[in-house]
Amino acid sequence: MALDDVLAHLTFRERFTRRRVRFERGSGALVIQVEGGPDPVRQWLDALVKSYRGIVPVNNPSDVRAGAVEEPGEPGGAGVPEGERGDRGEGDQEDLVVEQLQAMTEGCGYGGRVAHGLPMVFPRFAAARTALYEWQPVPTQSRPRQIGDLKRQIREAITEERRQTLPELRPRIDPLLEDPYVSEGMGGLVGLLLKTVNAFRFPHHRTVRWYGTERFPRQRTFEAVCEQLERLREEPAEAKQLLLVEALLADIDAHYGIVRRLNRARRPVLLLPDVDTVPARRIIRDRLIAAYDGESRGLRVYPVVVTTSEPGGATPEEGAGPPVPPDGLAGALRERFAERVRVGEMRSLGDHTPLPSRLVQVTLEENPEPLPTGRPGRRILGPVTAVVTSLALVASGLGVYYGFFREPESCGRGLQVHDAECLGVSDGSGVFMPGVKGMPEVFAHIAEQNRAVAGKKHATVALLIPMESGDPAVRRQILSEVQGAYLAQAGANGADAAKPPIRLVLANPGRAYGQWRTTVDQLVRQEPDLRAVVGFNLSLTKTKEALTYVTNTLKLPAVASVVTADDFSNPEGRQKVPFPGLARVVSTTKDQARALLAFDPGLAGTETALVTDDRPGDDYNRSLRDAFTEARAAKGRGGVQDMRFESPGVEEAGVTPNEFEDFAGNICRSNAHVVYFAGRALHLKLFVNKLATTYCREKKSYTVITGSDATTLDQRLDDGHRALLQGDPGSGKPSVTIRYAAPAHPDAWSIELARWQKDPRRRTQRPPLYLREAQDAMAALRRDITAQGGAIGDVYLDDGRTIVTYDVVLTASRALARAVHTSGQEVPTADRIRKDLGKLNADLRVRGAGGWICLTNAGNPYNKALSVVHLEPGSKKLTFEGVAWPTGRAPAQEDDCVIPAHP
């Protein structure tokens with residue numbers, strides 16, 4: 001075998017070739033020293049680097065200065081004048097050794113990484129280099145403080161060294177941690193396990209453990225290891241250099257774990273040219289040989305060390321053998337290690353014959369043949385990778401079978417179980433939550449409406465909202481929304497209604513919209529006449545993803561209900577918007593806060609507190625927090641500092657009750673009587689309970705201001721909770737009133753109209769159109785509910801969800817009718833509907849039960865009415881206070897829903 005073939009075998013360059021040259025744990029490490037004239041050796045070395053670069057980890061010695069003995073322009077130090085060799089001081093020479101070793105780690109690490117592989121890191125070497133050469137103790141510090149400082153610097157050096165792998169690992173690990181199919185596996189156990197493992201990863205732990213068990217036995221603590229390293233600073237240079245080399249070899253061994261070894265991963269090559277003329281490199285070579293015979297003899301994986309010199313220029317002091325020709329290297333290696341075994345046995349019997357050296361000298365030919373660079377350049381899969389890839393293909397095939405050919409478990413007609421959730425698209429024949437009273441009834445009526453329009457040209461409207469929950473209050477909310485959608489469908493399909501009739505389907509995207517893509521894909525496949533997607537009732541990141549997909553990818557019009565976060569709306573006056581074809585029927589959180597402050601200017605003059613949920617991914621919480629923060633800043637009297645918590649989920653309490661107990665105590669000791677709460681309804685309930693039950697003799701009462709998610713609060717409170725909110729001022733427990741701007745209230749327009757008519761200044765005037773039309777719409781909705789006679793279950797209007805969803809589907813129906821007029825088609829295209837949505841204002845306004853819906857060009861409701869309501873302590877019913885307006889005023893008598901130039 002030629003020299004280059006031997007190197008290819010030793011490095012596993014050809015991974016599936018049976019090796020005829022072996023060395024590792026069973027045979028021991030070696031150093032190959034190539035000897036020849038300066039020019040042939042340099043040419044061979046350059047070809048070796050070029051051939052191996054990117055295939056195996058290899059350092060490039062031409063990138064490193066050799067020291068003062070190196071002749072400029074002569075990589076490797078060949079041709080050094082005799083008088084300049086070895087003229088450096090001992091300290092300078094020691095620094096050069098460290099510099100050369102550092103260059104080798106960088107070359108074999110990130111600089112010499114293989115294609116598509118993670119770079120090798122050298123944290124043990126970094127720790128030794130830092131402790132022995134870079135750290136400088138402060139003389140004025142005590143010894144414990146010095147050790148502490150050393151410990152900190154070592155930890156920083158290890159972290160910095162390992163940081164090189166993070167840009168490579170993050171793109172691979174982050175998708176695994178964030179993938180819902182992985183993180184939610186086994187009820188979330190897989191995700192919890194992955195995140196726990198990630199949280200308890202300490203970059204320095206393995207390095208310190210190696211020092212405490214292998215290099216300094218029985219030194220189990222980080223501090224003890226630092227003390228040993230600190231003592232080693234006083235040892236001769238040879239001992240420190242030996243530790244650096246041992247640490248470097250241990251890092252290489254650690255990189256090649258069991259998977260890489262089974263996968264026959266290619267071994268690194270350490271190049272040390274011109275060891276006869278560069279003393280630092282010769283020192284490193286000798287330290288490597290000493291380490292192989294000492295502390296590093298038990299490693300599993302060794303690098304292939306290749307040195308060069310002129311013939312006879314750097315012969316080892318002990319155990320040297322005669323140089324061999326390149327084609328005799330393979331046999332010489334076997335003979336050398338066989339001889340070492342034989343001599344070792346003799347020495348164990350008392351013989352003093354020196355062991356044959358691990359260094360094998362090879363005489364290079366004057367004109368060596370060039371390395372075959374093309375042969376091993378391909379990246380061939382290792383055995384383990386090949387097996388894992390095969391298994392992955394088999395698993396993918398099984399996944400395709402189970403995913404496409406095997407029907408998943410059914411939970412109703414057209415509905416299927418996915419990850420313990422009932423998902424899918426129902427035309428009313430399949431029922432979500434059939435155990436909830438009223439759900440089977442309203443679904444049956446939707447199915448009846450759909451059968452009635454089946455033989456006609458119709459447009460399909462999909463209600464996309466989470467259709468399941470374990471919380472009774474959320475179940476009631478879902479029922480209300482489905483009832484509102486049905487009532488609007490029934491009105492749109494009436495005998496005198498405008499065309500086209502509506503086929504209503506109910507699509508469940510999963511809890512918190514977590515499975516929206518599965519459901520939307522089914523919706524598109526199942527409903528060829530789909531013309532609008534409505535709903536979108538949670539301001540979450542997943543909801544935004546679904547809305548973006550519907551409006552941008554599918555290019556379908558969308559009508560959103562109570563997604564009130566500001567970033568769920570299109571900015572005005574822009575040609576390109578994030579959600580083209582989106583219409584909203586409820587004001588944003590910012591507009592709600594503005595309307596509430598305009599309704600009650602007295603709030604701006606009070607001391608306040610802000611309690612906010614910082615949970616990532618919840619745009620409702622964030623938007624409400626921003627609106628309240630802006631409102632507090634405008635007062636000029638900031639109140640107490642913000643009180644922040646992070647809930648585990650929309651319907652998960654976690655440890656929030658414990659935090660709320662602390663917040664209640666802090667608020668009691670402040671001057672605040674008004675508390676802004678930026679959070680979900682579940683956490684609002686927990687917070688007001690803590691606020692009411694926390695002893696506070698200084699306060700008689702609190703008012704909590706919050707957002708529209710509180711519409712489900714009165715359904716969440718039982719009689720016991722309501723009694724708590726009454727407080728007991730005599731015993732030091734304040735009462736709590738919850739106040740917010742709801743998107744709608746069933747009594748809003750009748751009360752407002754009665755107030756207007758009772759105003760003596762207006763007795764001779766006709767009530768404004770916005771009052772009369774809204775009252776008529778609300779009265780019509782009540783008549784429709786009464787006409788049902790309880791056939792769709794009890795309809796609960798106070799939370800506003802039925803009203804809002806009724807208006808959402810009504811808006812979609814009005815857009816369809818307008819598009820029929822402008823296109824001349826019985827069923828207009830989705831693109832035509834998108835273009836007509838922004839025209840629903842002025843005479844084309846939507847006369848909703850929740851008030852006028854005057855859509856801007858961006859699809860936002862201009863000056864949408866909001867109902868200010870409060871839940872009084874102990875009350876079982878929301879109290880309507882009045883209608884609030886985002887612009888600060890109600891539409892004037894002459895206003896007809898006309899949008900100003902700059903809404």
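**Helix packing and a parallel sheet**

The crossing of helices α4 and α5 is right-handed. In this predicted model, α4 (residues 123-134) packs on α5 (residues 143-162) at an angle of about 145°, and their axes lie 8 Å apart. On the α4 side, the contact is built from Pro-123, Ala-126, Ala-127, Thr-130 and Ala-131. Helix α5 brings in Leu-150, Gln-153, Ile-154, Ala-157, Ile-158, Glu-161 and Arg-162. Sorted by class, that contact comes out as eight nonpolar, two polar and two charged residues.

Next comes a sheet. Four strands make up an open sheet in the order β2-β3-β1-β4, and their pairing is parallel. The edges belong to β2 (269-272) and β4 (359-363); each has a single partner strand, so one side of each is left without a neighbour in the sheet. On average, neighbouring strands are turned by 25° against each other, direction ignored. Helix α14 (residues 329-348) packs on this sheet, where it touches β1 (31-35) and β4, and its direction makes about 160° with that of β4. As for β2, its parallel pairing with β3 (residues 304-309) runs over four bridges. Leu-272 has Thr-307 in β3 as its bridge partner.

Then there is helix α16 (residues 439-453). Its 15 residues, at 1.5 Å a residue, should span 21 Å, and the end C-alpha atoms are 22 Å apart, which agrees. The buried residues of α16 are Met-439, Val-442, Phe-443, His-445, Ile-446, Ala-447, Gln-449, Asn-450 and Val-453.

Notes
Residues are numbered from 1 along each chain as its sequence is written. This is a predicted model: local features need pLDDT of at least 70, side-chain atom pairs count only at pLDDT 80 or more; totals for chains, interfaces and linings use all residues. Side-chain values use heavy atoms; hydrogens and water are left out. Helices (H or I, at least four residues) and strands (E, at least two) are DSSP runs, numbered from the N terminus. The expected span of a helix is 1.5 Å times one less than its number of residues. Buried means under 20% relative accessible area, exposed over 50%, partly exposed in between (1.4 Å probe, protein chains only). Two strands pair if DSSP finds at least two bridges between them. Axes are lines fitted to C-alpha atoms, for helices over the stretch in contact, and angles run from 0 to 180 degrees between N-to-C directions. Contact means heavy atoms within 4.5 Å. A crossing is left-handed if the near helix is turned anticlockwise from the far one by less than a right angle, and right-handed if clockwise. Ala, Val, Leu, Ile, Met, Phe, Trp, Tyr, Cys and Pro count as nonpolar, Asp, Glu, Lys and Arg as charged, and the others, Gly among them, as polar.
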